Structure formats: structure tokens, C-alpha cells
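Notebook open. I want to look up a few spots in this one and jot down what I find.

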Amino acid sequence: MAHTININGKNHQVDADPDTPLLWVLRDSIGLTGTKFGCGAGLCGACTVHLNGQVARSCTVPLSAVGKARVTTIEALSPDRSHKLQQAWIIEQVPQCGYCQSGMLMAASALLRDKPKPTDADIDAAMTNLCRCGTYNRVRRAIKRAAGMPLGEAA
Amino acid sequence: MIANPQRRTLLKAAAGSLVVAIAPAALVDAGAAPAAAAAPASVNSWVVIAPDGAVTILSNTSEIGQGTGTAIAQILADELDLDWRTVRIDMAPVEDKFFNAGWGEYATYGSGGVARQFPQLRKAGAQARAMLIGAAAAQWNVVPAECDTEAGWVVHRASQRRQPYRALAASAATMPVPENPPLMPRERWRFMGKDIARLDLPAKTDGSASYGMDVKVPGMKVAAILQCPHFGGKLASVDAAPAMAVRGVLRVVQLDNAVAVVADSYWQAKKGLDALAPAWDLAKASRHTSSAYNAALVDAVNKGGAVYPPRNSSADKAQADYNTAMAGAVRTVDQLYTVPFLCHAPMEPMNATARVDKDGAELWLPTQTQSNSRAAIAKALGFEPARVTIHTTLSGGGFGRRIEYDFAVQAAQIARATGTTVKLVWSREEDMRHDFYRPAVAIKLTAGINADGMPVALQVGSACESLLEYSRNGADRERARPVDPSPIGEPPRYYNFAAILFRITTMDAGVPVGYWRSVATSQNGFAYESFIDELAHQSRQDPLAYRRKLLKAGSRELATLNAACARAHWEQAPAKGRHRGLAMVKANGSYVAIVVELSAGDGGKVKLHRITCAIDCGTAVNPKNVRSQAEGGIVYALSAAFYGEISLKDGAVEQSNFHDYRLIGLADMPPVDVLVIDSSEAPGGAGEETVGPLAPAVTNALFAATGKRVTTLPLSRSGFTLG
């Protein structure tokens, strides 16, 4: 069944079953593998994308629900790692294995757009993505760095 | 000299800490010597220098998050005296000459990527440097001793001549390999010991880093798999028709204990799989249920297992030494600890991509074990190992799970049955239910206490499954004679016990078990450090003072303990309502002490205020990364301590995803302060050594806060949760 969906500003024709999660449309139909599969149940956030700028866990969004929404993936955060979050992520050396980090960055970018100077409570509420390598405190620092805020303790 | 370098950025991360992030330079040479031959040249196996000056350093250690690739590059770049901007890293091919010197195989485990091959890596770099000098000296007709190097150039100061390595690499490779080349002295280290930015991280910020899950091979199909939920069960039969009716499904493959569906894409394969109703043969399957099995473990340690003597001793002698030491005791204390099965749960579920034809096989694997995977896959397919090629991808976490090759053999079998390249993707449910778990363990500790309240002897009784029976399909099970000694781990000989007696009982449950980050230290750390704390409180001594008495003066254990406690202000009272707990371990040549500060409120709600950690890992090649790994181990251990539990019902795992196997989140995190102790000793491990002491530091703090002594994990079983 053919669908047209808008990903990172471009329209794509996709032939997939309507119940196919957006995650697998992105990864298998389009070939954008930056968005990751961690749990398939919306529990870990590795699959986080933006739909019309709002965070969405793409493993729980069926293709049939995407419609005309603008889908944004990690690949579109910047063309060259110049997004202030990506710069902060590198300065703070946030990732370890990195597998959760696409989702983290997409959640963080939506947070900063909604709350340019987020409090710790704002960060707690927005950043519910799971990380097995324990990068959480550096994620928090990097968000504050990107927001131009005091960083707290040295890491 | 490199002219017009691209942006070389020195970034001040925060007061007192500096991260050097160096962007790759445009490799333009001004006024350089004539270019070398067009092909890249290997100076030795580990270092390839391209005509444009790019230097590729090969790593034999998988990148599973621990950053060893960059550490290996730092070591070789210092010994070779390279310009960091020219450095790239790549995975070494799976050949004998790249086997980890300490392990004798191509594998990533035991915190050995740096610690077990540090001298060998340094020597390889120093040999290459000596050969480059030799090549230049030969060209200039001077004595090598008159030459030196400067960041990618050989220089002869007396005649002011210089040559870049890229112009010398081809002839350097023909120079004799010196057996004892001079190593780079510490005062000339520009990379080792510095917070160098990791080479793999930028790609992990833009979705371009490619994991096993992301492999794309032309013509590739995707398989989903369902393994028998009961361990040891087999596939009896399955009607393939319901799967074949799903659009995109190509084939249903029956394996010994599983059924797989191959389709054009993952979702189609999964839908096909979900349509099947396989029948399982449970005749030989495990029937264990956790409540009964855990009770059996406790029974076993109470009965007492067989004595496991130290090397060069005997059971009788070990028992006699213990009895002699116990003669000095005025009373005996014992305590029993229980911990559950734990899963690894890396963020990237198990997967493997395989292509098999009549001549051999090619696999793309997120793996921690290349040479063993190759051997096992070759055996399963009936090939010589040389006919199996392994490409290592990044792993989304390993933690010891990817030291197994079950998923790789499955992918190869499915690919052969299908006749095309197949990527096998496990669901999270399969990953959680078909792990090689950290065993469930019961530990009984008995100590004889003297008139001063100090322990004179320690008896350690452990009951659990045998790792050697299950890991790597039981390849090493013959080593479990008379019993699998893996529960012993690192004996606590740094404490002044006159005798330590180990008893081990293997209690099988039919559950595959394996190497979980920190292995035996994960359960023993909890037991030993909870026990020492209990003994201290019983004799009304401060836990720090008590341990100081038990440790040798001038020892690294004592220095690490003191460093953590000083940093955590242990000897000053915490703020009202806050309480601290302390624990320390020695593991893999490193020393770790952790102080946890928390408060405990109504209804068992725990608030973590601060975690302070000191780690002495000898020479820290990348201290920033050691801090990140230390913190990572602490977070890994926090999830396990508070919530981690895999339980069995009739030989099947009850948990399936992150809703019933809960993990710590960002909002739960206190500040974590890690001090990497400055040392020039040989490197020890840094990837897993903070896991063991974390749980007891928490439970010791909870005792201080509530008077309640927790001897079983997870904490949720005792009513404690993170508020």
C-alpha cells in the first residue's frame, strides 16, 4: 500500500503495511538508520523522532497515523554536527556506546525549543530516555551547556 | 609541517577540566620531502600510513562503549610520536597476530583491552618508531642514535634534515624489527594520561555511527526469531502457513530450539512470526521456579559445600588453616546474602548479519568475541575457520552479553537455509528472555571475631549455577573440576584475615548463565562489604576506621579508601537526615572505593544525594574516559541494586521488557563525583570495577539511615524505591 510521508522536509513514497511502525518505515523503507530500535514498546526512547516538532516514540506510531505530519529525525538535527546540542555533546563527551543518543538528542532538542532555559525539573521531566551506559549526568550538563546556562559540578 | 590545518579546537569544558577536541587536518604538506609510493604502507601490523599522511591504527578490542579504540590509538600515537590530527582507528582483522596478548584470543572482556596488552601495544609503537628512524637514518647516511622524532617527522637536528613518516613508511617496513626498542618516556607523553576526545563520539551525535543493527548488505533480508520460552526445550513442530501468508515473508526456518521468519523487512518478519503457533518439546526443559530454586540455594550454603582450596594447597590444609585461625575467635558471626539472576539488557538487542555460500561465510557482528565466534560458526557450518570472515561493527553496549555467539550461529544457520544474506534481529523480549544471566547466588559468610571485635578468619560459602557449563555453549566445562571456581572471583586477601576458606556448591537450574559486568565481584562485593560494615557496627567502630585496621599500611587499597572518604567528607557529619555508606573492592588490578550519601523517607522512598568514587586503575590512559566508565558502572549497578531481578516460572523467564525489568532514569541520578587516582603503576581495568562496591555502599547507607540491614537484592524486595 503506498503512502506519502514527509521526512526531514522531503516527501517520500513508501510501500508498507499501514500498521508498520514509523521506526521501521524510517529504517527499512527509507534507509535512515540513525533512529534506533531498543524495545519496540515505547519504553526506552531510542526511537525518538519529532512529529510536527513534538517528540514521538516512533516504534509506537503506525504509518497510518503519520498522515501529513512533518517527521524530523536525528539526521536532520544539522548537516554537519553544528547544532549547539551536538557541539555540547562532544565537548562534554556525553556518549559511551552511543546507541541511545539519537533519541536523547531528539528529546533534548524538543525540550530546548519548548524551554530555552530548562530547570533541572524540566530536564527530569523531558529526558526519560533510557541509557545503559549511564551517561545521564553528562546529558544534563550538555543540555545546560547548549542552553548557555551554568553547568553545575565539573564532570 | 602541516600547513593550513583545519580548526584545531582547544575547548575549556569547565573550570579545572580540559577536553582536547582536535578536528582532522587537511593533510596538505608545504615544503615536504618527495611523496612516497602511492600505496599505503604498513610499518608493522598495527599501523598503516597512507601517502597523504593519514595514520590508521588498528584496534583488536571491540567498541562496546568503553572507548578502548581511542585508548589504543593514544598509546600507539605516543610511542610512534604522531600528529594526532592524522590518526584514524579501524578494527584489526581477525588474525592471530592481533589476538589480545593477555587473553590469547581476539576478544573484549575482563577489562583487558588496555590492561592486558599495555606493554605489547607500547612495544609495537616503539618498534615502528625505531624502524622509521632507521629508514631515515639510512637515507641520510647517519647513525639512528643522532635522530629523533617530532609529531610525525623524523628529524636529524645536526644537519637540520627532516622527513615525514609517510615518505619513510615503505622503507621502514623493510628495516629489522628491534626486539627491545626504547619506550617513550612519560615526560614526553602527549596523549597518554590526557583527557583526549574520543574518536568514535562525533558520529554518535548525528545518527551516522553504524551498529550491527544498521548493517546494510545488498540483497539482504531480515529475520525475526522466537526461541522456546522454557530453557532446554526444543521445537517440536510448526505450521509455516500463517507466516507465509503475510506480505513480504519469504521463508520460515526451523532451528533446534527456535523458529525464525525471513522477510523483506523486520516488521514483516515480526508479523509473520507472531502469526505462528509453534509446538515445543519440553521433555528436557528446565522446570525451575525462582521461589523454590532460591530456597534450594539457601539450603545449600547452610549445609555447606565442598571446600575449594587455593592453588598449591589442599582442602584438608585449607580447612586446618581456617580452624587454626578460628582458635583466636571469641565469637562467631554469620550472615546470608541472596542476589537474583540479572540480565545484561544492552540498549541494542542481539543481532547478526550473515552471508553463507558453498565456499564459506561472512558475518557482520556486534560482538565481543571474534576468534571464538569464527570457530563456532565454522564448526556449525562445517567449514574451516579460515573460510569464515568476521566484520566487527560498533555494539550498542556489551557488558559481557556479546562474549556469547548464540545469535551469530543462528544468523549463519538461517542465512544458509535461506540462500541469501540475512540480518537476524532479536526483539527486546527475546533479548531479555534468552540472555546468559548473572547467576542467582546465595552466599553465607562466617567470621571468627576476636576480643577486639576484629575478624580473624572468614569462611565464604557460595551456591549458584556454573558459568563454565553454559557460557560459549559449555566450551570450557571441562575446567569445572572438581567444581566451577568462578564464584570465588577476587578473594578479599587485602583484608587482614589469617585464613579465608571457600566452599562452593553448583546448583543447576537449566538457565544459561555467563559473564555480567564485574562477574563474581557483582555478588561478592555486596556480600563482603555488607558483612564488614555489619562487623564494624557490631563492635561499635566506624566503618572507615574498621577497614583501615584491616588493610595493610601503604597499600593501594588503603590509599583508595582514604581518597574516597576524604573527598566525601566521611569524617564530618552529613547534613541532617542524610546518611552515608562505604564499600571498596579490588578487581582486575584496580582498586575502587565508593561512598553513597542518601536519605530514607516514609514508605521506603530513598533519595540519593551524592555518590563519591575513587578509582586507582594504575596508569589511566584516558582519565576522562575512566571517569565516564566509572560513572557508567555505578549507574549500571544502581539499576541492579534497586530493581534488577530476573525470575523464573517453570523454567521460563517472567520478565520481558523495560516495564517489568525497571532501569534507573536520568531523574533518579544524584551527582556522581569520580576521582581517578594519579598513578604510574601498570594499568588495571576501568570498565567494570565500580559495579561491585555500589550496592553495598547503598545498603550500608540504608543501615545508617534506618537501622535495617538489607541482605537480599534488589532493594525493591525490601520495600525501598527511588523517590
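I call a crossing left-handed if the near helix is turned anticlockwise from the far one by less than a right angle, and right-handed if clockwise. Helices (H or I, at least four residues) and strands (E, at least two) are DSSP runs, numbered from the N terminus.

Ground rules: this is a predicted model, where local features need pLDDT of at least 70, side-chain atom pairs count only at pLDDT 80 or more, and totals for chains, interfaces and linings use all residues. Residues are numbered from 1 along each chain as its sequence is written, chains are lettered from A and ligands numbered from 1 in the order in which they are written, and side-chain values use heavy atoms, with hydrogens and water left out.

Entry 1, chain A. I looked at helix 3 of chain A, which passes helix 5 of chain A in a right-handed crossing. The contact (heavy atoms within 4.5 Å) uses A:Q101, A:M104, A:A108, A:L111 and A:L112 from helix 3 of chain A, and A:Y136, A:V139, A:I143 and A:A146 from helix 5 of chain A.

I found B:T205 in the loop between helix 3 (165-172) and strand 10 (221-227) of chain B. B:T205 counts as buried because its relative accessibility is 1%; buried means under 20% relative accessible area, exposed over 50%, partly exposed in between (1.4 Å probe, protein chains only). Among the residues B:T205 touches are A:R81, A:W89 and A:L105.

I traced an open sheet of 4 strands in chain B, order 3-4-5-6, with mixed pairing; strands pair if DSSP finds at least two bridges between them. Strand 3 (41-44) and strand 6 (87-91) of chain B are the edges.

Notes
Lists of a residue's contacts leave out its neighbours within four places in sequence.
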